[in-house]
Amino acid sequence: MRSSERPPAGTALPQRARIAVLAGRVTAMVSRLTRRGGGMTISGHVALWLDPALITHLTRGRPVVVVSGTNGKTTTTRFVAAGLRARHQVVTNDSGANLVSGVAAALLASTDPRTCPAALEVDEFALPAVLRATEASVVVLLNLSRDQLDRGSEVSAHVRRWATALAAAPTAVVVANADDPLVCAAVLGARPDGTAVRWVATGSRRGVDVPLCPRCQAAWATPWPMWACGACGLARPTPAWTAHEGRVTGPGGEDIAVQLALPGQVNVANAAMAAAACDVLSVPPSVTLAAASSVDEVAGRYLRTTYDGVGVRLLLGKNPAGWTEVLDLIEPGAGPVVLAVNAGVADGVDVSWLWDVPFEQLRGRRVVATGERSEDLSVRLHYAGVEHEREVDPVRAAVRLGGADCEIVANYTAFTQVRARLRASHRPRTPYVTTAGR
Ligand SMILES: [Zn+2]
């Protein structure tokens, strides 16, 4: 749409919402000018304080795709936005601010027409509030796993909260991971007959970590991967979509080769979820998957660059499930690995999750434990049988190791610190390119 055809931003909004949008934009601008950050969170807080119904006003008339789950929501949201962008302008919160305030901030910052779709990444804790505030067209549910033990809820609590939230959003089509029993329990808790649910077989191995039926706590009658409970009947649903190695199969039998710039089967699964979501909004899966292939970096994740003559790839692992996925991405037997663990508020200050990460697979590699909690990490590596060195500074550790293929795997605040230093010093090299079947 040409800019001359756009309705002036804010004209159809109630006066209170218009004031909130203006105040939010001014707040974001001041925050940026005073270098207090991107202003996303604070602008959303200010605007919602002035108009608690702002998200409802700013999403009315839009198709809204909400993406939630413990792992992969930023990448999947990026894929959804890329797919929708093939046909429309899109509003999205690609800054990573995924709480209610971040959603509000992204919407109020947009000057695109208020009829264009929104692709919104939403924290799993914030999902019920965002579903209450929007009439979401599509809800994409990726997975549930333990995260931030000191401040997050147990996953069973999320299952119950998600089920309640979905029951209150009867018009939304749900795109759900059929290989995660926790997601299935939440979705089938709200929609026992699977009405308006599009199940996706992602090949996720997380079901292995769910030893009991999440609905009734009975032992599985049939174990993962074709899990089924003999007591309450909860069982793996029949998927309409399947993510294979390097391919996605849709409900019409279409079999589409996927060549992503992002590595790993986990991203093929994320692309399949995005294709199923965009299909609800009439974007063909071939279009979404082609658009997803253009995404080569997600907020610095998978960033390949050089620093002081050393080639590094930066990977993010925020919780045990995320670390398990990124450790799977590391080529066996190749270059050295720098592990960086902090325990700031944004990471969760309890690092007992380290014991749930399969560090054993790094045996035989050259490994350095780094970060503010490098000592805790060192203890964990010792018991995993991984010989290693210790150095607090991850970037200094990478430089000391030298070479062309150093992997830095970091949790959230360590990742943001390393990313800032790498970006400040060097321009990216060619993006990492995966091969089908990885
Ligand atoms: Zn059961």
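The domain assignment divides the protein chain into domain 1, residues 53-292, and domain 2, residues 304-425. The model is a predicted one. Between the C-alpha centres of domain 1 and domain 2 the distance is 28 Å. The points below cover a sheet of 9 strands, helix H8, strand E12 and the residue Ser-425.

**The sheet of 9 strands**

- Nine strands form an open sheet in the order E2-E3-E1-E4-E5-E6-E7-E8-E9, and the pairing is mixed.
- Strand E2 (91-92) and strand E9 (255-257) are the edge strands, each of them pairing on one side only.
- E5 and E6 run parallel and are joined by 4 bridges.
- Val-175 has Arg-198 in E6 as its bridge partner.
- Helix H4, residues 73-85, lies across E2 and E4 as well as strand E1 (64-68) and strand E3 (118-121).
- The angle at which H4 runs to E3 is about 175°.

**Helix H8**

- Helix H8 (residues 181-190) is largely enclosed by the rest of the structure, because 8 of its 10 residues are buried.
- The buried residues of H8 are Pro-181, Leu-182, Val-183, Cys-184, Ala-185, Ala-186, Val-187 and Leu-188.

- Strand E12 (residues 337-340) is covered on both faces.
- E12 pairs with strand E13 (residues 367-370) in the parallel sense, over 4 bridges.
- E12 also runs parallel to strand E15 (residues 406-410), and 4 bridges join the two.
- Val-338 stands opposite Val-368 in E13, and opposite Ile-408 in E15.
- In general, the strands of a sheet pair through backbone hydrogen bonds, in either a parallel or an antiparallel sense.

**Ser-425**

- Ser-425 belongs to helix H14, which covers residues 412-425.
- Ser-425 counts as exposed because it has 12 C-beta neighbours inside 10 Å, and the cut-off for an exposed residue is 12 or fewer.
- Ser-425 and Thr-305 are 120 residues apart along the chain, and 9.5 Å separates their C-alpha atoms.

Terms used
Residues numbered from 1 in each chain as written. Predicted model: local features only at pLDDT ≥ 70, side-chain atom pairs only at ≥ 80, totals over all residues. Domains from an automatic or database assignment. Buried ≥ 20, exposed ≤ 12 C-beta atoms within 10 Å, placed from the backbone. Pairing = 2+ DSSP bridges. Contact = placed C-beta atoms within 7 Å. Axes fitted to C-alpha atoms, helices over the stretch in contact; angles between N-to-C directions.
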